[in-house]
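Colleague: Could you show me how to read the charged side chains in a model like this one?

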Amino acid sequence: MGKKTRMTGARALIESLYAEKVEVMFGYPGGVLLPIYDELYDADIDHILVRHEQAAAHAADGYARATGKVGVCLATSGPGATNLVTGIANAYMDSVPIVAITGQVPRPLIGNDAFQEANITGITLPITKHNYLVTDVIDLPWIIKEAFHIASTGRQGPVLVDIPKDVTTDEIDFEYPDKVHLNGYKPVKTGHKQQIKRGAEAIIKARRPVIYVGGGIISSNASKELLEFAEIINAPVTTTLMAKGAFPDIHPLCVGMPGMHGTKYANFAIQESDLLIAIGVRFDDRVTGKVDSFAPNARIIHIDVDPAEISKNVRVDIPIVGNARSILKVLVEFISELKKSKSGTTEWIRKVEKWKQLYPLKYLMDESLKPQYIVEQINELYPDSIIVTEVGQNQMWAAQYFKYSQPRTFISSGGLGTMGFGFPAAMGAKKGRPDKVVFDIAGDGSFQMNSQELATVVKNDIPVIVAILNNGFLGMVRQWQDLFFDKRYSFTSIDNSVDFVKLAEAYGALGLRVTKPEEVGPALKEAVDSLRPTVIDFVVEREENVSPMVPAGAAINEILDLEA
Amino acid sequence: MKHTLAILVENRSGVLTRVAGLFSRRGFNIESLAVGVTDNPDISRMTIVVSGDDHVLEQVIKQLNKLIDVIRVSDFEPGETIERELAFFKVKVDKGNRSEVMQIVDVFRAQIVDVGVKSLIVGVTGTNDKIDAIEKLLRGFGILEVVRTGTVAMNRGAKTVKPGK
């Protein structure tokens, strides 16, 4: 940059965002943001005005997941800021790099219960990787620099920057720093050589290895390295919900998702394995089931960028801390040096292959409209789409029945399980990847949590397709009531009710309704060909269950078959 | 088990909340806490004494290390540190027992830091145990008020807790 220019804090914020190459942001104005919005009026940033701040946070999240860049959202003080909270928590749980900028009341009013004041740095303390309250305009450039650096490095995550209104009107001689100075933040990049070597030796010796991968593969862009690694050691790969697309579903070594709604063969493979190679995962309870019975015969190698994940839930034998991609590269080198024969796992692969044939994912297809069939049809017709999901049954069917082959093509709220995430996240994904067909596979419950964003996608011409698997139930909760509460469907029926076609039309979107299997394909084509934001109301079988299922707290080989 | 932690942090507002939050979320009660600036004015040092499950504490330490404002965390080995705290006791006295209190003060190498007509303030530094012991003895005279700092601790010998590079 070099030459310093005198400018207001609001202008300095915009210049800082330029310096971070921010092209798109999602926001909603308010009183304390007026100076910033005045600058945004003719700024060279594509600002998308949402209809609820929660959607701004989810859209920034979806944008970040689809592109690998940092997503940015902006909200005013008080309620604007608190409306971001769910979206920030969601990004935190799934380690998604977003920078949330909030307006704050002027400094002299802070702490006085001023109009639209909320202590947002206090509120978001446990759900951000870090946050800042800017108390002097001089600090603004380095804080923005640090915020983007922290969000996008190490284990990624959300960072919030709270800017009082009078800071945005104060003036500084602006200069954007080119370096950050963070004494307490030095993420490990390359793994410890000796540990990697120990890992390589264990891998060579293993006869029944399983590679268990998570979102870390996607955030470190390690799909290529994973593929090479899996093929060299010839081991089955199980991809968690967060890792869908990190390894091709159709690859012969892929055994699909582990855990509660995972494939039987993934769970059996984990339970029988003698070496579990866990990469970029956090041994979530939805994956491990009963921890004491998880992978009982396996030694465990855990590769993760976050040292705090090592031995958090499950005791690890060989921890390797660092970036998954760089570690996998070195691991492959070591193994290639050590390995003599390739046949060590042939028998194991044959056994896993047999489980695959015996226990495929399946559902009963009859003349009724099955939600799984709809997902399969989307896969059949638009296999290169980005699939975003809501939370619940829709999410599990989208994970089970679509065959993902590329990273960043499956976007879902994994850790927090946020209903209402999918639609605004799809909007963010589409902004980031306009070349892709983007579907939000939704439930009628989840969609209604952020359906107001129809106004945003229509106004800004963001043609996402919402495929509502409409069963008139909060389906996943109903499924648990069905199985564990004697079918007492307490407050889970929502069949009253909404005409989603008319709702879409009221907002100026295309609305379609499908009630029969043979209408699915034509409706999908009509939606994609229209190039318009579209809602398809798929009226599906009401009491279809997600299968298979490991009940909460059970070992992952104690599996229920639920196909009707 | 009881642990004494030394935590080097950026000398900024809000850091204490971040650190304390990690303990409270996991049900740890901080037994004592002392904070002060170091030889580098940008860095403060906290000494925290906690007791609880070792595995959970290991998690807390890892999480502390993740905080951006935390520069270094050191879990002291028991027995390898010098630990001290400071306490003031305001003791009720009269003509009859004033000298008795002063004898106790002498034995503990404490100090009388304030003298009033009806009260004395006894200042004492020492280990947690020593302060508990003098408190027990002074209680007999009637303690009007107590204030204790948290423990501060430092490694014996040449070993240091420094920010590093």
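Modeller: Gladly! Asp132(B) is partly exposed because its relative accessibility is 34%, where partly exposed lies between buried (under 20% relative accessible area) and exposed (over 50%), with a 1.4 Å probe and protein chains only. This is a predicted model, in which local features need pLDDT of at least 70, side-chain atom pairs count only at pLDDT 80 or more, and totals for chains, interfaces and linings use all residues. Residues are numbered from 1 along each chain as its sequence is written, chains are lettered from A and ligands numbered from 1 in the order written, and side-chain values use heavy atoms, without hydrogens and water.

Colleague: Which residue forms a salt bridge with Asp132(B)?

Modeller: Side chains of opposite charge can pair when their charged atoms come close. Here the partner is Arg148(B), with the closest N and O atoms 2.9 Å apart; a salt bridge needs a side-chain nitrogen of Lys or Arg within 4 Å of a carboxyl oxygen of Asp or Glu.

Colleague: Is Arg148(B) buried or partly exposed?

Modeller: Arg148(B) is partly exposed, because its relative accessibility is 29%. Salt bridges with shared partners also join Arg155(A), Asp306(A), Glu309(A), Lys312(A) and Lys66(B) into one network.

Colleague: How many salt bridges are there over all chains?

Modeller: The search of the whole structure finds 41. One of these joins Arg282(A) and Asp284(A), at 3.4 Å from N to O.
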